[in-house]
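Please examine the sequence and the model shown below before reading on. The explanation that follows is meant to be read with both in view.

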Amino acid sequence: MFSKSCTECGARTTARPDVYLVARLCTLCRYTELQELNSKTDELVKLDLVCYTSDSRPKRDAPEDTRYRYTKGAVFAFKWEVQEAREAQQTFRKNDDEASLAEWEEDRRAAAQARHKDTHQLSRYIYRVTGSREDELEQIKEQRRTTIFERLKTLAWTEEDMVFKGSEAKPWNALLNAPKVLTERVWTNILPQLTQMLADNRERHTAEAKKQRRSDRRTCIDRFLIRMKYTAHPFEPIFQAVPIGNWGKVLNDVCPVEANPFPKTLTALEWSCLKDLDELELSTEEVEAKLEQRRPEIQEKVLEWRNKVERCLVERFGPDLGGTQDEVILSVNGSLEIASSLPRNTRLLLRADTLFDEEQYDPDPDGLLHFGPEAPCYYPHFISRVTDRLDLSEERYSTCRSKETNPNYFGRDPKTMRVVKLMLQDLGMPDVSHVELNVMRERFMCGRCLDQEPTSWSSCVWHYMEHLESWERQTDPTRQPAIRHPIEIRNPHDIDSLDDRKPLIRLLREEKATEIRKKYKSLGRGPDYMRKHLLDMHNVTQPVEEIHYGRSNHWSSESKAEWNEKWDAYHDALEGAGEAAE
Ligand SMILES: [Zn+2]
Ligand SMILES: [Zn+2]
Ligand SMILES: [Zn+2]
């Protein structure tokens, strides 16, 4: 740390030593060894779990480019340390071991605090010691380095061969920058080592270049497939019939309204018509030409893939009890003709009452964060997304985005289907496609509750499922508050209610939807809304603050117990008053 060389790689550097990292880093090592963290948001920094600094920053070479500017609060830490800390945290969390995690964090913090104490003294010391001997040594090193470079060049090693990166640079720089004069004896001694390193490095560079060429070819194939995905759509007859504007424009847009069920590029790379393009050493021009040549073959494979996925999903979905097996009808814009050109399986999968549920999770070891598909789960949303593309970044992280969704993990969702069938009945569109409904955008209103603004079809379905689920929670006997006077509560979303056969859903005209949305925005959820809610849902005619409503959003167990008492006392008093009046 007190010499003029990089503590990571040994290269000569004029950089100041960094007392926070206890290191002196050359320009290259700042790039390769440091990682940017945000001191305002990153818990590693906030909790003091890694060494970090704002003194050593990687230099950016284009300061006028805003992307090259660091965000406010940027600090830097060693990559390896960040990775180690994150991995440790992850392991504890994976094992649900909160206690060990806390203990580990406490240890790290204590170490950091001890370090902070030393930092100040250290920085004063450093500025006193740096002296003139350094300069002398520097000259020797400079001389040695230049001589070695010249001699190696005469031995046919190129400058590129002499560029070492990361950890490979350490032993190389150690030999080059040793503070000793290069005698002939030393030269003879170190030449075999240097030669070996250069040969290894050349091999490394060759392998990297090969990998890069493969990446280039893959990008080329990916781009071709994405273009193919965006230029033709298997549900086109539906889009042609429903009012979505100019179909050609929709396709050319980066995001068509409905995902095209299309294989992921990683899957396609396994096909014999693409495998050789991925593996053979071809130029991107050659790859492009071959792709063009094989277009019909590739289209055939895409169709085959889609048919297989649809067949599998239909099988997983199972036969519709009571429905006719062969005839699957799908109405588009009120007509059965339009969709009749689509295959039977496609028609079944596009019906608004064909809903899926994820029955089994993908046993993916990296998939720690599993959110599942968005509800309601319609084909092809959970199979393909409009934004799907090959992720060439680090393979470990790319798996979830580049990997195919296994249709075998999905099955029929009878719960949602039952609600949806009733909703479709109320709309008078029992055989409509979810594509058509979603193209209608925010024009659907829940027919049962007052606090709804017009939403999309999918949001409306989700609204029902959410309310039905929350009703189950509210009425769960094991979750009732400890009160003697029960809370009166109505379930306006009850689909089984016989007396309340108000339609579940309404479809509004465009102008009407806009009008309601404006009104809803200005109204908000003020006191009027609250009063109406209490009356409609809980039959409360005279709401009392702290009893029927309150300001707090966060309920501690104490405040809950307190409220329980207040609630019972209020109703006891009411009863008392009632008896007295009789
Ligand atoms: Zn360095
Ligand atoms: Zn509702
Ligand atoms: Zn309520």
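The paragraphs below lead from the chain as a whole to its metal sites and then to selected helices, strands and a loop residue.

This is a predicted model, in which local features need pLDDT of at least 70, side-chain atom pairs count only at pLDDT 80 or more, and totals for chains, interfaces and linings use all residues. Residues are numbered from 1 along each chain as its sequence is written, chains are lettered from A and ligands numbered from 1 in the order in which they are written, and side-chain values use heavy atoms, with hydrogens and water left out.

The chain contains 21 helices and six strands; helices (H or I, at least four residues) and strands (E, at least two) are DSSP runs numbered from the N terminus. Of its 582 residues, 40% are buried. Here buried means under 20% relative accessible area, exposed means over 50%, and partly exposed lies in between, with a 1.4 Å probe and protein chains only. Among contacts with a separation of 6 or more, 70% are made by residues 24 or more positions apart, a contact being heavy atoms within 4.5 Å.

Consider the zinc sites next. Donors are N, O and S atoms within 2.8 Å of the metal (3.2 Å for Na, K and Ca), and sites may look incomplete because water is not among the atoms. The zinc ion (ligand 1) is held by the SG atoms of Cys6, Cys9, Cys26 and Cys29 at 2.1 to 2.3 Å. Angles of 104 to 115° among these four donor atoms make the site tetrahedral. Four donors count as tetrahedral if all angles lie between 85 and 135 degrees; four count as square planar and six as octahedral if opposite donors are over 155 degrees apart and all others between 65 and 115, and anything else is irregular. Along the sequence, the donor residues of ligand 1 follow the spacing C-x2-C-x16-C-x2-C. Cys9 lies in the segment before helix H1 (27-33) and Cys29 in helix H1, so this pair ties together parts that are 20 residues apart in sequence. Cys9 counts as buried at 6% relative accessibility, and Cys29 counts as buried at 4%.

Cys446 in strand S5 (residues 444-446) and His463 in helix H18 (residues 457-474) are 17 residues apart, and the pair links distant parts of the chain. Both Cys446 and His463 are buried.

Which residues coordinate the zinc ion (ligand 3)? The donors are His533 (NE2) and His538 (NE2), at 2.0 to 2.1 Å. His533 is partly exposed, at 28% relative accessibility, whereas His538 is buried, at 17%.

Helix H20 (residues 527-538) has 12 residues, and its end C-alpha atoms are 16 Å apart, in agreement with the 16 Å that it should span at 1.5 Å a residue. The expected span is 1.5 Å times one less than the number of residues. Tyr529, Leu534, Met537 and His538 are buried in H20. These residues cover an arc of only 135° around the axis, which puts them on the same side of H20; the arc is that of the directions from the helix axis to the C-beta atoms. After H20 comes Asn539, with a positive phi near 60°.

Glu81, Val82, Ala85 and Gln89 are the buried residues of H3. They cover an arc of only 100° around the axis, so they lie on the same side of H3. An α-helix has 3.6 residues a turn, so residues three or four places apart point the same way. Just after H3, Asp96 adopts a positive phi of about 60°.

Strand S2 (residues 74-78) has five of its five residues buried. Ala74, Phe76 and Phe78 point one way from S2, while Val75 and Ala77 point the other way. S2 runs antiparallel to strand S1 (residues 34-38), joined to it by five bridges; two strands pair if DSSP finds at least two bridges between them. Leu37 stands opposite Val75 in S2.

Finally, Asn491 is located in the loop between H18 and strand S6 (505-507). Asn491 is buried, with a relative accessible area of 15%. Leaving aside neighbours within four places in sequence, Asn491 is in contact with Leu468 and Trp471.
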